[in-house]
Amino acid sequence: MADKVPASVGIIMDGNGRWAKRRLLPRSAGHEAGMKRILGLVEHARARGVKYLTLYALSTENLSRPREELEGLYSLFRKYFAQYAPRLSGSGAAVKVIGDISVLPRDVRQSIADVCSQAPVQAEFTLVFAINYGSRAEIVRAANLAAGRGSLTERDFAQLLYTADVPDPDLIIRTGGELRLSNFLLWQSAYAELYFSKVLFPDFDDRRLDEALKEYSRRNRRFGRV
Ligand code: IPE
Ligand code: IPE
Ligand code: MG
């Protein structure tokens, strides 16, 4: 029997800075290598049957990093959304961004808007970028939207999150060796399977992703039942 594949996967892409440091390169080189890695991983996940892939690219807390590092990341987003994402959306996939992108330069926001608006009605694959995303900010935002609406169910509340039309992650992968979620999809990960890899993100190749998918296929998800 074929392995069971997680329909929705989240990746906390951590370790770019350490990857660069080990090579005596500036942190920006690590981010660039990380972006190159994204291109292949997205195609590989799609080919394996993943339907939703959420990539944690920038957290609300990351905004406290030095201006120079942030500018470098924004330039990479500029390149990704202007050059690579349009090809993806031309191939039956949808691209979506979650988080507060008002911090990004105007031209980057514009290319994000262009790419997101090209989403096919029935996408066969959805790539979600979490940019200036933090679960706590997302939940507080939803609570503010909910205020005055009377009593809501969990399902109603989930519709107020950025991820309203994205299924909860079945699997969350964190690269880079840390064992924490760092404010990623806290509400949505209630029953996610967690997979931690010591491999730094720029080195997390297709084979590593396959290892994570294999491990997922062995997990027994009970959702509280016996
Ligand atoms: C992840 O890599 C990318 C972002 C958080 C933007 P880091 O930049 O956190 O890399 P390390 O953890 O310092 O190695
Ligand atoms: C998590 O990485 C956020 C992203 C990958 C975007 P961090 O490097 O910011 O996480 P901490 O600071 O080690 O928790
Ligand atoms: Mg880090």
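**Second largest pocket**

I began with the lining of the second largest pocket, sorted by class: 12 nonpolar, 4 polar and 5 charged residues. I'm working on a predicted model here, and I kept that in mind throughout. This pocket holds about 410 Å³ of space. Its lining counts 21 residues, and those closest to the centre are Glu 154, Ala 158, Asp 168, Trp 187 and Gln 188. I checked which element gives the most to this lining, and I got helix 6 (residues 154-158), with 3 residues.

**Largest pocket**

Next I looked up the largest pocket, and its volume came out at about 570 Å³. I found 28 residues lining it, with Met 13, Asp 14, Ala 57, Asn 62 and Arg 65 nearest its centre. By class the lining splits into 13 nonpolar, 8 polar and 7 charged residues.

Which helices supply at least two residues each to this lining? I noted helix 1 (16-22), helix 2 (27-47) and helix 3 (67-89). Helix 2 gives the most, with 5 residues.

**Ligand 1**

I listed the surroundings of ligand 1: Met 13, Asp 14, Gly 15, Asn 16, Gly 17, Arg 18, Arg 27, His 31, Ala 57, Asn 62, Arg 65 and Leu 73. I sorted this shell into 3 nonpolar, 5 polar and 4 charged residues. Helix 1 and helix 2 each bring at least two residues to the shell, and helix 1 gives the most, with 3.

For polar contacts I went through the oxygen atoms of ligand 1. One is 2.7 Å from a polar backbone atom of Arg 18. I also found a backbone N or O atom of Gly 15 at 3.4 Å from a ligand 1 oxygen. Asp 14 uses its side chain instead, with a polar atom 2.8 Å from an oxygen of ligand 1. Taken alone, ligand 1 exposes 380 Å², and the protein buries 87% of that.

**Ligand 2**

Around ligand 2 I wrote down Ile 12, Met 13, Asp 14, Tyr 56, Ala 57, Leu 58, Ser 59, Asn 62, Arg 65, Arg 174, Arg 180 and Ser 182. I count this shell by class as 5 nonpolar, 3 polar and 4 charged residues.

Asp 14 turned up again: an N or O atom of its side chain is 3.1 Å from an oxygen of ligand 2. How far is the side chain of Arg 174 from a ligand 2 oxygen, taking its N or O atoms? I read 3.2 Å. For Arg 180, a side-chain N or O atom lies 2.8 Å from an oxygen of ligand 2. On its own ligand 2 exposes 390 Å², of which the protein buries 79%.

**Cavity**

Last, I searched the whole structure for cavities of 30 Å³ or more and got 1. The largest cavity has a volume of about 50 Å³. I found it lined by Ser 8, Val 9, Gly 10, Thr 54, Ile 98, Thr 163, Val 166, Pro 167, Asp 168, Pro 169, Leu 185 and Gln 188. By class those are 6 nonpolar, 5 polar and 1 charged. Strand 1 (residues 8-12) gives the most to this lining, with 3 residues.

Note on methods: Residues are numbered from 1 along each chain as its sequence is written. Chains are lettered from A and ligands numbered from 1 in the order in which they are written. This is a predicted model: local features need pLDDT of at least 70, side-chain atom pairs count only at pLDDT 80 or more; totals for chains, interfaces and linings use all residues. Side-chain values use heavy atoms; hydrogens and water are left out. A residue is near a molecule or strand if one of its heavy atoms lies within 4 Å of it. A polar contact is a pair of N or O atoms within 3.5 Å; within protein, one must be able to donate a hydrogen and the other to accept it, and residues adjacent in sequence count only if both atoms are side-chain atoms. Accessible areas come from the Shrake-Rupley method with a 1.4 Å probe; for residues, only the protein chains shown count as cover. Ala, Val, Leu, Ile, Met, Phe, Trp, Tyr, Cys and Pro count as nonpolar, Asp, Glu, Lys and Arg as charged, and the others, Gly among them, as polar. On a 1 Å grid over the protein atoms alone, a cavity is a set of points where a 1.4 Å probe fits but cannot get out, and a pocket is an open set with protein on both sides within 12 Å along at least five of seven lines; lining residues have an atom within 4 Å of a point. Grid points are joined across faces, edges and corners, and a volume is the space filled by probe spheres set on the points. Helices (H or I, at least four residues) and strands (E, at least two) are DSSP runs, numbered from the N terminus.
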